[in-house]
Amino acid sequence: METQITQLLTYIIPGISKGLVYALIALGFVVIYKCTGIFNLALGEMMVVGGYVLYYFAVQLGLSVWIALILAVITVVIIGVITNRLFIRPLIGQAPMTMVISTLALGAIIIASIILLWGSQTLYVPKLFPDGGITIMGSVLQWNYLGFGLVSLVILVGLLLFFRYSRFGLSMMAISEDQQSAQALGISVKNIIQMAWILGFVTAAIGGMMLTSLTSVQYGQSVMGLIGIAVAILGGLQSLGGVIIGGLIIGLIQGLVSGYLDPYMPGSLQDVSAYIVMMIILLFRPHGFFGWERIERV
Amino acid sequence: MIQVEKQTKIKVDKISLSFGGAMVLTDIELDIKDNEICAIIGPNGSGKTCLLNCISGFYKPQQGQIIYKGKNLIGLPPHKITTMGIGRTFQNLELFTGLSTLDNLRAARHLFIKSGLLASSIYFGPAHHEEIKHMRVVEEIIDFLEIEPIRNRIVGDLPYGLRKRVELGRALALEPEVLLVDEPMAGMNLEEKEDLTRFLLDIHMGTEFGYESEFLNRGVKCIVLVEHDMGVVMDIAERITVFDFGRKIAEGTPNEIRGDERVINAYLGEEI
Amino acid sequence: MLPCGIRNVSYADQLAIIRTPLQWVYLIVALVFAFCLPLFSNSYLMTFMVYVGITIISALGLMLLSGYCGQVSMGHAAFMMVGAFTTANLNAIGINFFLALILGALVSAGVGVIFGLPSGKIKDFYLVLSTIAAQFIISYVIIGWFKGDVGVHIPAVQIGGWTLDHAEGYWYLVLTVLIIMTFVAKSITRTKIGRAFVAVRDNDIAAEAMGINTYGYKLLAFAIGCFYAGLAGGLWAGFINFATVDHYSLVDSIWYLAIVIVGGVGTITGAFFGSIFIRGIKEISYIIAPWIGNMLPAGSALADGITLSLPYLFFGTVLVLFIIYEPRGLAHRWEILKESGRLWPWGYW
């Protein structure tokens, strides 16, 4: 019995840890959607950029990891401003699908830049927290994962407070409904979209930086962005807190699948399981757990 | 004078509709009769458009039935209800804004074109013949509604008044037995209102022009008009039903309604 | 806009696509040229043309599904994969290649309908997500159960006495299929099905009110679009004599979507323009990458990465420039060109 629980934990704990990573990435997606109505398909690329910029400061320039982190965040803000000017601002007011396609283009260009600047091999960055961790029933929950969870929570709470108590909150929701009407109301759509874009970019990038320090960075990881989107859908696209539930569920499912189903099935069911969950949610409850249901009025 | 007993075309039988907690329609009973222009009036928010949406199939009332041609319309998908002979226009104009006037009307001929996938893939032969046949019908409707100048223009570029006429033409192209018209006079000036009213009457009574399309000559015998403009309603409606807060508060001929106290209170407010 | 001096005197005239004798001449010359292409080009060019032809067939399908019916699909390459592997696997158990090709396309259409089922309840972006999920799920199923991990070999295609194992020969097969499928696509867009598609795309509530069974037509769009995809996939497998998962990833699906957008959403010519343009850009990026690489400092990450990154760079730049400056695509630009040609003074002489 003990070994069964231990075995279960060896699948659950990494699953939860992964779930937190997903949650932070998904947060980047939800922030942008909630404030601007833009479906950001370049989420994975945003995440990966964070990792590579951290690598630049921490390894190529040799600074201490935490200082590198701060500098990296500042750099990502600048990247956010530039990408907003080039890819998002010219398309304000147009159909939503246009913006989605634009983010696709952005993603491609980010990948191209990454390959040109850093090549295609996997790169490593020193860990943020010391090694070791708490031991629960024979399974180790690493400090790094705990630290990661803490950082994610801090960011999440910060964002929640920001949206509730700052004047940006309401303006942002107005924009996500209808950009032209918001403009007619005197809301500076351009500035708010830029703000939301940067916030979302930085959130996803920090997720990427954490992930890089935990494992490694390689541009192929950008596919995790899609899982991040699945998590956001699961939690509900209008809900900041929902990403935690979504992330944990998908992380858990992946962990359990990799442990109990994968050995018996051909291929890697673990990766696909996130997409299967997404399909199920889209079919039965597209607005996720905490999102808003829309009724079409004729 | 011989009074012909008019048949009931659509029987709205005690329907109630609510969204979440809000009761939008309560216990509505209405007989929509054939050979008649029946008007539904009432203040904004009284549920008139919701009733039309229930009949068309876009909303599903929680209680009651809507009987048409012996069937209960509730639960049927909107496209099925259209094929049974009910056409409508929308208050907020649901046109295909990316298409031309011609294509908007041709889209409505969908029900009558029998070509399947195979015939459509080959095009030449049956599909081509049907395209030509229905093109003629559409051109006659365009002629009838006097919208030839805008035949090829993209509807999205048209001014509001002309769009309303295109919407009416599109509903007409369905060859409906019952036409539901939702606030056609909204946003029109006096001259445009008179034009549109004339068109509605022409549609109802049929034309003298002798078009090839029989339904234009026959006319649409049953029209349900949801409208705010009392002048228009009093002039052309034969029977008026009054809604207020989702309930039917009065029904009768224009003269009866004109003097009905409940109606006056609903529109002008009560003395405190 | 009609050329100067041409008037429509019947409904048939109004509906015709080829309206003047000169247009018939253009069409025939173009067809003759296409059929004679192998006579004056080399093997490299013919291989490129075969790829372009196959791409156009697939793009036509995506154009009908996403361009005309508005069901944006980012899983198109996965449906091509279904066609490729079905054709290959059936061929491997002895079924004639051409029969296997059709069956592959039909199976792909069926799978398309299955993944199109959500379209009744979800729209726009959510549907895009479900097609992305479809891409991964189909990929997994094929790798796991249909020999996707090792690939399936197809022997050289044979018609009568000829063996189509070289680009010149295969070109005729692709060209024939392309001509037939283009005709079918154009015919569909001119009749009630095409109009129903556009109605569903523009305003599905109004479409329902017009008696159009929107859900049914969305499923039909998936079926038709994925039929084309499956056909293209099978043809590709026949050409390279191998069915492999490499050419049918999410990245490829996105390239196809770019083809539809760059070409011009909602036009048949757009599939042609887009395919030629995008395939051309890809080829150019492969050609000039080593050349640029030589100009950069040797051994630097920049020089190493140029081959891999140039296609992405071109893709992103082209796509975003088109969205901002030419949102209606190349087909629209072509229409404007034709119209200005017709308005040019000498048309009145």
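Helices (H or I, at least four residues) and strands (E, at least two) are DSSP runs, numbered from the N terminus. On that basis chain A holds eleven helices and two strands, and from the N terminus on its elements follow the order α-α-α-α-β-β-α-α-α-α-α-α-α. This is a predicted model, in which local features need pLDDT of at least 70 and side-chain atom pairs count only at pLDDT 80 or more, while totals for chains, interfaces and linings use all residues. Residues are numbered from 1 along each chain as its sequence is written, and chains are lettered from A and ligands numbered from 1 in the order in which they are written.

The C-alpha trace of chain A spans about 65 × 50 × 40 Å along its principal axes. Of the 298 residues in chain A, 50% are buried, a residue being buried if 20 or more other C-beta atoms, placed from the backbone, lie within 10 Å of its own.

In chain B, helix α3 (residues 101–108) packs against helix α5 (residues 126–144) at an angle of about 120 degrees, with the axes 10 Å apart; axes are lines fitted to C-alpha atoms, for helices over the stretch in contact, and angles run from 0 to 180 degrees between N-to-C directions. The two helices, α3(B) and α5(B), are therefore oblique to each other, since angles under 35 degrees count as roughly parallel, over 145 as roughly antiparallel, 65 to 115 as roughly perpendicular and the rest as oblique. The contact (C-beta atoms, placed from the backbone, within 7 Å) is made by B:Leu102, B:Leu105 and B:Arg106 of α3(B) with B:His134, B:Val138, B:Ile141 and B:Ile142 of α5(B).

Conventions. Contact = placed C-beta atoms within 7 Å. Buried ≥ 20, exposed ≤ 12 C-beta atoms within 10 Å, placed from the backbone.
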